[in-house]
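Please look at the sequence and the structure shown here, and then read the short report that goes with them.

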Amino acid sequence: MTMANPTTKERVSYGWRVMGHASGVLLARLRALAAPVSSAERLPSANVMFHTALLPMLEPERSELERFDLYLYDVMNSRRLCGEKVFEYGVLLRAIDRWTGLRVLDIGTGRTTFPKWMSREGAVVTTLDLLKPAEAALGGFLERVNGVVGRRPGAVRGVAGSMRGLPFADASFDLVTSLSVVEHLDTDLPDRMFVPYDEQQRRLGQVLDEMLRVTKPGGSIYITSECCDFERATTDLWKNAYYYDQGPALSGAWPVQDVQRLFYQYVADRGCDLVGGVPFDASTIDRPDRWSWRGPYFSGFTVLARKR
């Protein structure tokens, strides 16, 4: 919802869009008061590839988040994103029974206000970003309107650092989250240099080890990321926003055939139980109902693991 160097016409259009979203937030709250969304059926597992059949199951979670503020209203209702954020956030909400008192670390927060929602629900939230975050926070007119219609969160503590060497003591958190972040290990920031795939895998191992180190026994890690069948994918709607300046034509996702080894097997080998098992099936990426907003043969996935 942000723009760079807008024209007068674009400013007016943007202003109307922001106000439309503000109205949407308020109407969503009224709808919830008049007719609360009933609980949907239980998800078969949290460790699964995105597919559109899951979205109706997550309608209560979508309805809950859209009422919080402009950012979450936007991503919960975005036609462009095709429900992928509903999938990412909704799977976690469905897995957590009670937020009150939960010590949460969110890695690579960027501009999302989801940690603020968690804090409003009673969690004690810390966020971690690079000293110079890759994504700018909300600002300007959008932030001013959000200050009026957005619900007030609890305190969120922001810390600068690297996810490959977390600046926290062992067993500090009940829940460690990283939402659509680890696919960016393909880029060295702030230099914007492409990182070869062998090094990406090594760095991912460091990140997962650090997430597990700072998680308490009995606590959980929750990761969402992107996957792709690079042998068949030819286009990517996110291509113009890649973080690196020079590199392969398509990136910003893990090869779908490697997800089982790089994520599920990796955390299982390090003393974690994968909540609900692992129905993730790389072969299903050839089905259009698995494709994300980025285009054919791109999808997303979630990882929910409990540390023993």
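## A predicted model

The structure described here is a predicted model, and the values in this report should be read with that in mind.

## How α2 and α4 meet

Helix α2, which covers residues 59–66, and helix α4, which covers residues 84–95, have axes that come within 9 Å and cross at roughly 100°. Because angles of 65 to 115 degrees count as roughly perpendicular, α2 and α4 are therefore described as roughly perpendicular to each other.

On the side of α2, the contact is made by Pro60, Glu61, Arg62, Glu64 and Leu65, while α4 contributes Val86, Tyr89, Gly90, Leu93 and Arg94.

## Glutamate 61 in α2

Glutamate 61 lies in helix α2, and it counts as buried because its relative accessible area is 11%, where buried means under 20%. When neighbours within four places in sequence are left aside, glutamate 61 is in contact with Gly90, Leu93 and Arg94. With arginine 94, the side chain of glutamate 61 also forms a polar contact of 2.7 Å.

## Histidine 21 in α1

Histidine 21 is found in helix α1, which spans residues 8–34. Its relative accessibility is 14%, so histidine 21 counts as buried.

How far apart in space are histidine 21 and tyrosine 73, C-alpha to C-alpha? The distance is 7.0 Å, although the two residues are 52 residues apart in sequence.

Note on methods
Residues numbered from 1 in each chain as written. Predicted model: local features only at pLDDT ≥ 70, side-chain atom pairs only at ≥ 80, totals over all residues. Heavy atoms only, no water. Axes fitted to C-alpha atoms, helices over the stretch in contact; angles between N-to-C directions. Helix = DSSP H or I, 4+ residues; strand = E, 2+ residues; numbered from the N terminus. Parallel < 35°, antiparallel > 145°, perpendicular 65-115°, else oblique. Contact = heavy atoms within 4.5 Å. Buried < 20%, exposed > 50% of the residue type's maximum accessible area, 1.4 Å probe, protein only. Polar contact = N/O pair within 3.5 Å; in protein donor to acceptor, adjacent residues only side chain to side chain.
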